[in-house]
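Morning, everyone. I'll go through side-chain contacts and then surface patches. Here is the model.

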Amino acid sequence: MPDDSLTVFGIRHHGPGCARSLRAALEALAPDIVLVEGPPDAQSVLPLIMHEEMRPPVALLVYAPEHPRLAAYYPFTAFSPEWQALHYAFQQNIPARFMDLPQAVQLAGMLKPAPEEAAQEEPVDREPTGSVAVPAVPETAFIHVPGQVTPDPAAGDASSAAPQEDPIGFLAKIAGYDDRELWWEQQVEQRRDATDLFRAILEVMTALRNDAPPPEKEEAQREASMRQAIRVARKEGFQRIAVVCGAWHAPVLAELGPAKADSTLLSGLSRAAVTATWIPWTNSRLASRSGYGAGIESPGWYEHLWTQPEGAAARWITHAARLLRERDLDASSASVIEAVRLADALAALRNVPAPGLAELNEAILAVLCHGEKAPMALIRDRLEIGERLGEVPDETPSVPLQQDLAAWQRRLRLKPSAEAKVLDLDLRGETDRDRSRLLHRLQVLNVPWGVPRPHTGTASTFHELWQLQWQPEFAVGLIDAGLWGNTVEAAVTATIRHAAANATELPALTGLLDSAILAGLPGAVEHVLGAVQSKAALAADVRHLMDALPPLARVARYGDVRGTPVEHVIPVIDGLFERVVAGLASACASLDDDAAGGMVQSIANVQTSISLLQRADQLAEWQDALRDIIGRDMIHGLVRGWACRLLLEAGVLEDTELENLTRIALSPVNPAPQAASWVEGVLRGSGLLLLHQDGLWLALDRWLQELDGETFTAVLPLVRRSFSGFQPPERRQMGEKVVRLGGTSTRSRKQVIADDIEPRRAAAVLPVLARILGIALEDQEL
């Protein structure tokens with residue numbers, strides 16, 4: 001029998017029309033308690049939603065302190081029906097409670113290893129970069145693991161979705177709509193009269209659930225937990241209970257049934273220790289394209305409908321025109337008026353009460369964008385989706401590391417923003433140097449708020465370019481990193497020391513040293529430098545020695561810019577370099593293709609280091625070592641070719657010497673794959689320098705012509721790969737070069753040179769030249 005003391009409101013988790021209708025329904029009902037689908041674990045932080053500094057979009061974050069990467073988010077925005085229901089309850093001074101299966105139970109289930117793995121695997125262990133697999137989760141939340149997203153049940157063809165997977169898509173198909181969002185917008189968001197809306201939702205969902213299979217165990221436990229929360233409220237004497245839940249759950253909450261079955265289903269469930277807090281969220285993370293299971297297509301449009309319900313169409317087109325003008329695109333007032341008229345006309349033709357997003361997009365595309373789709377992509381990202389970042393009060397619970405970061409952000413005037421912004425730092429200034437250190441420290445903690453960008457120019461030694469963009473999941477990264485220290489400096493220092501203690505290879509250690517110096521951590525620098533010295537003394541792999549040089553060279557080159565003493569680094573560099581030069585030839589011998597590719601990269605690392613240090617003695621010694629390997633037959637062609645290229649760029653390889661090396665490398669006695677590898681090595685880098693090497697092109701042309709058909713087919717992919725790195729203008733000039741040389745190797749150098757002579761200018765000097773040489777001009781041919 002229906003319970004008059006219980007009213008269930010089935011809602012969609014984010015929608016302005018649904019939120020507005022729910023608010024009106026609650027005011028008409030005047031309940032004495034409001035139960036909202038959400039994590040009971042977060043009840044203690046629920047009152048913060050009324051704080052004046054709480055500005056959605058925000059999200060509830062529930063996580064296991066011992067395993068911070070195992071977390072659940074519950075996003076809210078101003079037009080979320082749950083948000084409006086909670087606000088109503090607090091404004092009316094009536095109890096507001098979350099109801100659902102606690103995340104303490106759900107996360108505990110994820111920590112349990114599978115039965116077949118229990119004997120050999122321990123539960124999730126804490127590491128700075130640990131992660132956990134993504135299980136099935138409630139539709140109001142998703143588990144975040146770096147690099148993964150929860151599959152979106154709304155994605156794909158709505159006609160193929162079962163009712164329990166996508167009830168809105170299923171109903172849209174029945175109504176003849178291919179677009180579930182369009183159906184929902186016209187039926188709910190644009191509805192002028194919301195009378196009996198929630199009764200209709202309950203009826204249709206009841207019909208769908210009657211034909212649906214029984215819920216999975218986890219969903220059944222969630223719904224049982226919700227019913228138990230309702231029973232508790234009734235037992236406490238509440239007479240008008242308002243329940244706000246996802247529409248799919250509404251039918252099984254309207255009829256509670258026997259309590260014993262629910263108690264049995266919920267008995268014996270283990271729990272994990274969890275903590276809840278609020279974190280800022282973004283509109284883009286409310287979008288279904290982000291992977292959020294309960295996401296919506298256009299959160300920016302829904303926010304617009306919530307904040308500006310009157311004249312929404314005209315104001316939306318005005319916003320679009322303003323955005324286009326900011327990009328120096330034409331969007332006149334007359335065009336705005338015409339676009340509004342077109343949108344109204346389209347709505348009338350389609351018999352809808354007001355222009356929706358579809359009509360507005362068509363009008364904007366036709367009038368403001370003149371049929372061009374590129375500006376529409378800008379409107380989609382900036383208006384329909386948006387990148388506004390919410391804010392939470394300072395009183396929000398947080399770990400000490402988060403508080404320390406917030407203090408640094410205020411001190412350095414770096415306010416987090418969801419929009420990507422470029423920050424140019426001058427490291428000669430104390431404030432910018434501190435900003436650089438903070439961003440580098442966060443990189444070590446796997447919180448990449450800033451991403452370094454390449455900087456060119458004469459002052460690049462003293463400048464850094466960063467692209468800043470705050471992401472909501474950084475909150476979990478900070479909680480995870482908080483296990484290493486209560487301040488950013490302490491956490492980074494501990495992380496680097498831990499990584500150094502577990503590093504097994506020298507390049508990893510020098511990379512850590514580079515990070516420690518960039519982060520401005522003298523204690524960590526001293527610790528890692530000691531580990532580098534110890535590891536370098538025992539390292540025997542020449543490639544490891546080579547790969548370890550670039551970070552050390554950067555320390556020696558730029559250490560003074562950051563105020564870092566470098567006197568202890570130079571001896572380490574000298575020792576590594578001498579061992580590299582002594583062992584280079586033997587390390588390059590008898591390599592297969594993969595090993596040769598790795599060696600080429602290692603040689604490039606040494607070359608970069610030499611260029612940074614700018615020491616003439618080391619440069620000369622390094623060039624002698626390269627000369628030694630280019631003439632050894634046992635060394636892979638790719639390595640020999642790359643060594644030739646480096647010597648050519650340094651200007652120490654004469655044209656005749658390069659021609660001789662080319663003829664030897666491309667001689668028929670050498671296997672064709674090795675010759676092709678040599679070509680790939682020598683053609684690395686810029687193509688402009690190669691355009692002046694006629695002998696190289698003649699030898700390459702002759703080699704290709706002399707290959708038989710089968711061999712040519714075999715080496716063609718390698719040759720094509722050799723040229724793929726050049727820019728189109730460079731490849732065009734190379735083609736013209738071959739054509740100018742005649743496209744054949746049978747022509748003599750005399751003929752090639754003759755092609756370069758301009759006959760008219762040559763004729764003017766030939767008589768004088770003939771008299772000097774004492775020859776008769778008519779007897780000679782050019």
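Start at Arg 615. Arg 615 is partly exposed because its relative accessibility is 27%; buried means under 20% relative accessible area, exposed means over 50%, and partly exposed lies in between, with a 1.4 Å probe and protein chains only. Before going on: this is a predicted model, where local features need pLDDT of at least 70 and side-chain atom pairs count only at pLDDT 80 or more, while totals for chains, interfaces and linings use all residues. Residues are numbered from 1 along each chain as its sequence is written, and side-chain values use heavy atoms, with hydrogens and water left out.

Which residue meets Arg 615 in a salt bridge? Asp 574 does, at 2.8 Å, N to O. A salt bridge here is a side-chain nitrogen of Lys or Arg within 4 Å of a carboxyl oxygen of Asp or Glu. This pair links distant parts of the chain, 41 residues apart. Asp 574 sits in helix α22 (residues 569-588), and Arg 615 in the loop between α23 (593-613) and α24 (616-630). Helices are DSSP runs (H or I, at least four residues), strands likewise (E, at least two), numbered from the N terminus. Asp 574 is also partly exposed, at 26% relative accessibility. 

Next, a network. Glu 37, Asp 100 and Arg 222 are joined by salt bridges that share partners.

How many salt bridges does the structure hold? The count is 20. Take Arg 227 and Asp 262, whose closest N and O atoms are 2.9 Å apart. Arg 227 lies in helix α7 (residues 217-235) and Asp 262 in helix α9 (residues 259-266), so this pair links distant parts of the chain, 35 residues apart. Both residues, Arg 227 and Asp 262, are buried.

Now a pair within one helix. Asp 434 and Arg 437 form a salt bridge at 3.4 Å, N to O. Why are they about one helical turn apart? Because they are three residues apart in helix α16 (residues 430-444). Arg 437 is partly exposed, with 23% relative accessible area.

On to rings. A pair of aromatic rings is described by the distance of the centres and the angle of the planes. Rings of Phe, Tyr and Trp (its six-membered ring) pair if their centres lie within 6.5 Å; planes under 30 degrees apart are stacked, over 60 edge-to-face, and the rest tilted. A search of the whole structure gives nine aromatic pairs. One of them is Tyr 73 with Trp 281: tilted, 5.0 Å centre to centre, 50 degrees between the planes. Tyr 73 is in strand β4 (residues 67-76). Trp 281 is in the loop between β8 (275-280) and α10 (299-307), 208 residues from Tyr 73. Buried or exposed? Tyr 73 is buried, at 1% relative accessibility. Trp 281 is buried too, at 1%. Separately, Phe 76, Trp 83 and Trp 278 make one aromatic cluster.

Last, the surface. Patches consist of residues with over 30% relative accessible area and no salt bridge; like charges are joined within 9 Å, and nonpolar side chains (Val, Leu, Ile, Met, Phe, Trp, Tyr) within 5 Å. Accessible areas come from the Shrake-Rupley method with a 1.4 Å probe; for residues, only the protein chains shown count as cover. Val 765, Leu 766 and Leu 769 make a nonpolar patch of about 230 Å². Leu 769 belongs to helix α32 (residues 759-773). Leu 769 is partly exposed, at 41%.
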